[in-house]
Amino acid sequence: MIQMTDEHLSDLLKKMYANSMEAIFFIDEKGSVVAMNPAAENILDIDVIERMHSGVDDSFCQTCKGYTDEKDQISCAKCYLDYPKGDFSSFQVYLKTRNEGVVPYAASYHTIDEERGIRVLMLLDLTKQQKTQEMLQRSNLLKYVIKAQEDERKRISRELHDSVAQELLSSLVDLRVVKYMDVGEDVLQKLQQTEVSLTRLLDDIRHMSVELRPASLDDLGLEAAFRSHFKWIEKNYGLLVDFSAELSAARYSSEIETVVYRICQEAVLNALKYAGTDEVHVRLCEEMGSLQLTVKDTGAGFNMNVNEAKGTGLGLYGMRERAELVDGQFKLHSAPGEGTQVELRIPLTQDNKREADTR
Amino acid sequence: MKNQPIYHYQEEIDKLRGRFQFDFVSMALVQPAEDRFVLTWQYASGNINERYKRIVLHSGKGIAGMVFKTGKPMLIQNVNADIESRDLFNYPIIVAEQLKSLGAIPLWEDSRVKGVLLVGYRNENRLDQAAFERFQEGLGAEFGAFHAREVTQS
């Protein structure tokens with residue numbers, strides 16, 4: 001390092017003061033602003049600067065909204081201005097800014113001139129970093145919610161299937177036995193009616209269980225689960241699903257299978273709700289080391305540039321998030337009058353692929 | 001139910017459609033035990049496609065499902081106003097047949113709902129309360145082998 005002269009150093013410091021992106025304030029013992037650099041002036045409200053310069057009110061408090069401590073997001077307890085001895089080498093402070101309201105800044109505050117009690121407060125804009133963090137947190141939270149929901153659905157589905165439906169089935173069998181006992185005509189008729197209701201109830205419970213989470217997805221894999229789901233869709237809504245699977249009964253990790261199943265379910269439901277068509281094409285295949293799902297309809301389509309959700313708008317977002325859970329790629333293409341196509345591509349590694357015979 | 005005359009329901013609902021100038025009439029019936037007693041549309045008149053044949057009705061869902069479950073007639077005077085477009089997919093028969101104004105009544109047998117008769121128009125507000133009541137009166141107490149109204153068994 002080249003030895004620097006004092007003049008040179010003070011010149012550099014001056015330049016730093018003038019050109020730095022960090023806002024620098026010099027504050028005295030009473031909390032009054034002694035000086036601030038251009039970056040700092042850019043932040044503050046013009047009125048506040050005016051008052052500071054004219055000396056009407058030069059306290060820093062009129063722009064500071066508080067800082068983040070262990071207890072609160074924004075707090076004024078043990079203000080850093082009053083406790084210069086406290087550890088304020090790095091903290092987060094909220095300032096009232098010129099155009100953007102209250103904005104968080106990363107701050108450091110320390111004494112630089114003991115004699116005159118001058119301290120320096122340096123600020124760095126945190127909004128961008130905080131937004132990134134928020135997005136990260138939201139996406140993590142969503143993934144957690146998706147997982148929790150899936151687990152809970154699985155639990156309730158099993159419960160319905162294994163205990164409620166089983167109990168009901170054995171009552172139904174008992175009832176059928178009674179029919180062959182020596183009972184009167186009117187009793188027999190009543191029994192038959194009860195059998196009808198119970199049979200329908202049993203079907204409803206089974207449907208509910210499958211709707212929550214099909215056991216066939218865990219036991220038999222994607223293809224079987226899709227076939228029964230599409231049959232159900234056809235019966236319920238009259239929508240025809242043209243399904244072609246080229247997987248030859250291959251199995252994948254349960255996480256991947258769940259993601260593919262749910263995304264497909266959502267895409268088909270979207271077509272049913274908004275496409276105004278009664279036929280949907282679904283193709284499931286393995287190509288070039290990745291699992292691919294295509295859901296296509298030739299219905300109404302929509303303008304992808306217009307951000308106007310017909311439904312909750314959460315569906316597409318959720319599909320994307322689910323795809324990310326397994327490092328999948330989610331693509332959507334649609335245009336008015338051209339129908340909609342949803343594509344999902346999940347890269348396969350040895351870990352997440354399992355053959356049917358290993359089970 | 002012995003010596004019961006055989007009813008030709010297709011003819012009956014065609015006649016109904018002509019008599020009241022409906023755009024669409026359909027009839028759902030509970031199926032026998034082999035089909036696990038499901039409720040499906042068996043006859044339709046004025047249909048624009050065959051989608052209705054694929055639909056299996058669920059008790060409590062959709063207009064016919066509601067009528068089946070409650071045993072009460074139901075009227076949707078204006079589909080566009082009474083059903084949120086977001087929910088419309090839960091009413092497949094309305095979507096498939098593009099109905100805009102419709103009503104449905106239960107068909108009784110042995111004080112059980114055994115079927116649903118649905119009538120409707122493809123224009124809004126064609127079937128209002130008064131017209132729906134006129135239809136029910138005009139239909140009378142019986143439709144084929146069924147009671148159009150609840151009869152309490154003695």
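The paragraphs below lead through a predicted model, beginning with a sheet in chain A and ending with a pair of helices in chain B.

In chain A, six strands form an open sheet, in which the pairing is antiparallel and the order of the strands is S2-S1-S6-S5-S4-S3. Strand S2 and strand S3 (64–67) of chain A stand at the edges with a single partner strand each, so one side of each is left without a neighbour in the sheet. From one strand to the next, the twist averages 30 degrees.

Strand S1 (residues 23–27) of chain A runs antiparallel to strand S2 (residues 33–36) of chain A, and three bridges join them; A:Ile27 has A:Val33 in S2(A) as its bridge partner. The hairpin of S1(A) and S2(A) has five residues between the strands, and there A:Gly31 takes a positive phi near 85 degrees. Strand S5 (residues 102–113) of chain A pairs with strand S6 (residues 118–125) of chain A in the antiparallel sense over eight bridges, and A:Thr111 finds its bridge partner in A:Arg119 of S6(A). Helix H4 (residues 127–179) of chain A packs on the sheet, where H4 touches strand S4 (91–96), S5 and S6 of chain A, and the direction of this helix makes about 130 degrees with that of S5(A).

Is A:Arg213, a residue with a charged side chain, buried or exposed? A:Arg213 lies in the loop between helix H5 (185–212) and helix H6 (215–219) of chain A, and this residue counts as buried because its relative accessible area is 3%, which is under the limit of 20%. Leaving aside neighbours within four places in sequence, A:Arg213 is in contact with A:Glu150, A:Arg153, A:Lys154, A:Ser157, A:Asp218, A:Thr258 and A:Arg262.

Some loop residues call for a look at the backbone. Most residues other than glycine have a negative phi. A:Met288, however, is not a glycine and has a positive phi of about 45 degrees; A:Met288 is placed in the loop between strand S9 (279–287) and strand S10 (290–297) of chain A, and with a relative accessible area of 76% this residue is exposed. In chain B, B:Asp110 is another residue other than glycine with a positive phi, here near 50 degrees. The loop that holds B:Asp110 is the one between strand S5 (101–109) and strand S6 (112–121) of chain B, and at 21% relative accessibility B:Asp110 counts as partly exposed.

Helix H2 (residues 62–70) of chain B has as its buried residues B:Gly62, B:Ile63, B:Ala64, B:Gly65, B:Val67 and B:Phe68, and just after H2(B) comes B:Gly71, with a positive phi of about 75 degrees. Helix H1 (residues 9–20) of chain B and helix H5 (residues 129–139) of chain B have axes that come within 12 Å and cross at roughly 130 degrees, which means that H1(B) is oblique to H5(B). The crossing of these two helices, H1(B) and H5(B), is right-handed. On the H1(B) side, B:Leu16, B:Arg19 and B:Phe20 meet B:Arg134, B:Phe135, B:Gly138 and B:Leu139 of H5(B); sorted by class, the contact of H1(B) with H5(B) has four nonpolar, one polar and two charged residues.

Key: Residues numbered from 1 in each chain as written. Chains lettered and ligands numbered in written order. Predicted model: local features only at pLDDT ≥ 70, side-chain atom pairs only at ≥ 80, totals over all residues. Heavy atoms only, no water. Axes fitted to C-alpha atoms, helices over the stretch in contact; angles between N-to-C directions. Helix = DSSP H or I, 4+ residues; strand = E, 2+ residues; numbered from the N terminus. Parallel < 35°, antiparallel > 145°, perpendicular 65-115°, else oblique. Left-handed = near helix turned anticlockwise from the far one by under 90°. Contact = heavy atoms within 4.5 Å. Nonpolar A, V, L, I, M, F, W, Y, C, P; charged D, E, K, R; others polar. Buried < 20%, exposed > 50% of the residue type's maximum accessible area, 1.4 Å probe, protein only. Pairing = 2+ DSSP bridges.
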